[in-house]
Structure formats: structure tokens, C-alpha cells
Amino acid sequence: MAERQPIANRYALNRRVLVTGGAGFLGSHLCDRLIERGDEVLCVDNFFTGSRTNVAHLLDHPRFELMRHDVTFPLFVEVDEIYNLACPASPVQYQHDPVQTTKTSVVGSINMLGLAKRLRIPILQASTSEIYGDPDVHPQTETYWGNVNPIGPRSCYDEGKRCAETLFFDYRRQHDMNVKVVRIFNTYGPRMHLNDGRVVSNFILQALRGDDLTIFGKGDQSRSFCYVGDLIEGMMRMMDTPPDVSGPVNIGNEDEFTMLELAEAVIALTGSRSKIAHLALPQDDPRRRCPDTTRARELLDWKATTKLREGLEETIDYFRQFA
Ligand code: NAD
Ligand code: UDP
Ligand code: UDP
């Protein structure tokens with residue numbers, strides 16, 4: 001693929017980076033890191049699940065700009081790179097308006113790809129381990145095609161993200177574009193939503209408040225939890241790869257825990273007297289999920305290094321203000 005000078009970069013001193021979904025959990029951490037690195041950041045968000053609070057500390061920064069915009073509508077701006085993170089990510093939130101969720105992934109990706117095509121700039125898609133659905137292969141490698149229900153309650157997210165990946169690779173083939181796709185596995189850390197029903201935030205708040213920790217099902221289902229700092233590092237390394245590297249690349253932590261083990265760790269770290277309560281398992285809840293991150297190690301020289309205990313301590317500290 002020919003290396004071309006991005007149009008917007010020709011006269012600008014700093015790299016200008018567009019982060020869609022930049023006021024969300026992951027997006028706001030990405031904005032922080034880009035600003036720290038010296039970039040100009042254009043944060044675009046419709047505040048569906050994100051909030052100005054997440055980027056409040058950046059609002060007065062001379063290299064930071066916040067724009068309220070829904071990516072399902074066209075966007076005409078001049079930037080040098082795009083990180084496309086816009087999309088609600090937790091089951092409770094993405095099922096609230098499932099049609100809008102699919103639109104955000106599909107129409108939003110088309111608009112951001114159209115923008116990247118016009119400007120001839122790299123674009124990175126925040127894809128997800130949900131691409132693999134309830135996997136038959138364990139741990140999941142990028143070559144596994146997945147086991148996804150196309151018509152269930154999680155489909156608006158899973159199939160939307162799968163279609164987005166299709167679009168990214170078709171824009172690459174059809175328009176010779178520099179696209180990057182990372183498949184993010186469960187990530188946690190400060191600025192996670194308080195009430196979005198995800199397991200780490202639920203358990204921490206429940207433990208801090210002395211409420212029962214709600215385990216869905218027996219608690220023997222597994223997840224691997226990546227600390228947000230590790231994830232952002234992996235994403236930025238992916239953006240900086242040469243144009244022939246598109247992925248998809250799994251980004252996640254390879255340490256796998258059952259929900260019972262997670263609950264016990266949270267109770268121990270908070271010193272809580274909370275007990276465990278078992279509730280019904282939601283439909284289509286994947287039994288196991290753990291990334292094979294060989295490709296990330298080879299292509300990005302990246303591996304998650306934050307241990308669950310360490311990351312949970314940081315996250316618990318953040319959540320104390322809300323308990
Ligand atoms: P989040 O909900 O905190 O962030 C998503 C952001 O996108 C929010 O600020 C929201 O307001 C914004 N948004 C939603 N629809 C939009 C639209 N139509 N136009 C503009 N902005 C819109 O979630 P997150 O955890 O930060 O996830 C960020 C991205 O990473 C998502 O694309 C998600 O699918 C992906 N991801 C996250 C995880 C995880 O564990 N956190 C795992 C896999 C993939
Ligand atoms: N688009 C955008 N900003 C741009 C360029 C394009 O939002 O700077 C949108 C545009 O509205 C279009 C979509 O991206 O709907 C896809 O653009 P593309 O050029 O691929 O397709 P076309 O314009 O031919 O439909
Ligand atoms: N879960 C749980 N208790 C909760 C919230 C979630 O046991 O209060 C379980 C959920 O059923 C799933 C796992 O924790 O098996 C991870 O759920 P989450 O919604 O955080 O992420 P995802 O299902 O998207 O991996």
C-alpha cells in the first residue's frame with residue numbers, strides 16, 4: 001500500500017486526532033494519553049453513555065476540543081487519525097435502544113470511514129471480543145470466526161460490530177485504506193459507568209455498600225479482565241503500525257477468572273462483609289472468554305501487565321467516592 005501524506009497534516013504542527021466516543025470510559029483515557037503525548041484531540045460524542053465529567057479536566061486544555069455529535073450523521077472535519085470508539089458497550093446500555101446501537105456501529109463506521117477516505121488518514125476501529133459470541137474455541141484467536149446468535153438480545157451489538165469489521169476490511173480492499181481493527185476484551189478501571197450492570201463495577205459498588213454481590217448463574221463462567229491503562233497502550237501501538245498491518249488484533253489480559261473468583265477478590269480487597277447472592281443467568285451469556293494475544297505480542301510487542309489485584313485496587317479507590 002502506498003504511503004501518502006495525510007492532507008490535514010501538511011500545515012499543522014501537532015498531530016490532530018479524532019476520538020469518537022471520546023467522553024466514554026475508554027475514550028476519555030485515550031484522550032488523556034494523546035494529550036499527554038502532545039497531540040491535538042477532537043473528542044466527538046453524543047453523550048448517550050459518556051459524559052462531560054469524564055473529560056472535564058481536559059476542557060480548558062488548549063489542545064483539546066469537545067464536540068457534541070452523533071456519528072450516525074456525516075462529519076466533516078480535518079484531522080490526521082481517527083479512533084472510532086463511539087458505541088454503547090455494556091449489555092444494559094446497548095440493549096436500551098438496539099436499533100440505534102446497530103446504526104452507531106454500521107452507519108457510524110461508514111461515516112468515519114468516508115471521512116478517513118476523504119482525508120487519506122489511518123482509522124482504528126474499537127471492535128470487541130463479542131465478535132466471537134459464545135465461543136467454541138478457547139482461548140480465542142483472531143482466526144476464529146465466532147459463534148454468534150444473529151437474532152438475540154445481544155445481536156444488535158455483536159452483529160453491528162461484526163458488520164463494522166466487514167466495512168473496515170472492505171474499505172481497505174476497495175479504497176486501499178490504512179485501517180486498523182482491535183478486538184477489545186473485557187476492560188475495567190476508573191471512570192467505568194456506575195450503573196451499567198457490568199460485573200466489575202457492580203461487584204465493587206455492592207462490596208463498598210455492604211450489599212450482596214450478585215452472581216449471575218453459578219459463577220463458574222469466566223472472563224479475562226484487562227486494566228484500562230494496558231488497553232490504551234495496546235490501541236495506540238496498533239495505530240502506529242505501518243499501513244500493511246490491519247489486524248484484527250486481540251487486546252486483552254490472558255489471566256482468566258471465574259465470576260466467583262472475581263467476587264471473592266473484590267470482597268477481600270474492599271474488606272467488605274458482603275455475601276454472595278446467585279441470580280438468573282442472562283440469555284446468550286458467553287460461558288468462557290479469554291484472548292489469545294500472540295498476535296499482539298508479535299505485531300505490537302504488547303502484553304497486558306497489570307495484575308487483577310493491582311487494577312482492582314485502583315478501580316476500588318475511584319469507586320469509593322460514589323459508595
Ligand atoms: P462507553 O459507553 O463508556 O463509551 C462509548 C461512548 O460512545 C460514550 O461516550 C457514548 O456517549 C458514545 N456514543 C455512543 N453512541 C454514539 C453515537 N451514535 N455518536 C457519538 N457518540 C456515541 O463504553 P466504553 O467501554 O468506553 O467502550 C468504548 C468502545 O470500546 C466501544 O466501541 C465498545 O464497543 C468498545 N469495547 C469496550 C469494551 C470494554 O470492556 N469496555 C470491550 C470491548 C469493546
Ligand atoms: N462522510 C463524512 N465525512 C467526510 C466524508 C464522508 O461523514 O468527510 C460520510 C458521507 O456522508 C458518506 C459516508 O461518509 O455517507 C461514506 O463515504 P464514502 O465516500 O465512502 O461513500 P459515498 O459518499 O460515496 O456514499
Ligand atoms: N455478571 C454477574 N453479576 C453481575 C453482572 C454480571 O455475575 O452483577 C456476569 C455476567 O453474567 C457475565 C460476566 O459477569 O457472565 C461478565 O458480564 P459483563 O456484563 O461485565 O460483560 P460481558 O458479558 O459483556 O462479558
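User: What makes the pair formed by a side-chain atom of Lys117 and an oxygen atom of ligand 2 a polar contact?

Analyst: Good place to start! In this predicted model, a polar side-chain atom of Lys117 lies 2.8 Å from an oxygen atom of ligand 2. The cut-off for a pair of N or O atoms is 3.5 Å, so this pair counts as a polar contact.

User: Why is the pair between ligand 2 and the backbone of Ile110 called a polar contact too?

Analyst: The distance from a polar backbone atom of Ile110 to an oxygen atom of ligand 2 is 3.4 Å. That value is within 3.5 Å, so the name applies.

User: How do you know how much of ligand 2 the protein covers?

Analyst: On its own, ligand 2 has 510 Å² of accessible area, and the protein covers 64% of that.

User: What is the accessible area of ligand 1 taken alone, and how much is buried?

Analyst: Alone, ligand 1 exposes 810 Å², of which the protein buries 98%.

User: Which element gives the most residues to the shell around ligand 2?

Analyst: That is α4, with six residues.

Key:
Residues numbered from 1 in each chain as written. Chains lettered and ligands numbered in written order. Predicted model: local features only at pLDDT ≥ 70, side-chain atom pairs only at ≥ 80, totals over all residues. Heavy atoms only, no water. Areas by Shrake-Rupley, 256 points an atom, 1.4 Å probe, with all protein chains shown as cover. Polar contact = N/O pair within 3.5 Å; in protein donor to acceptor, adjacent residues only side chain to side chain. Helix = DSSP H or I, 4+ residues; strand = E, 2+ residues; numbered from the N terminus.
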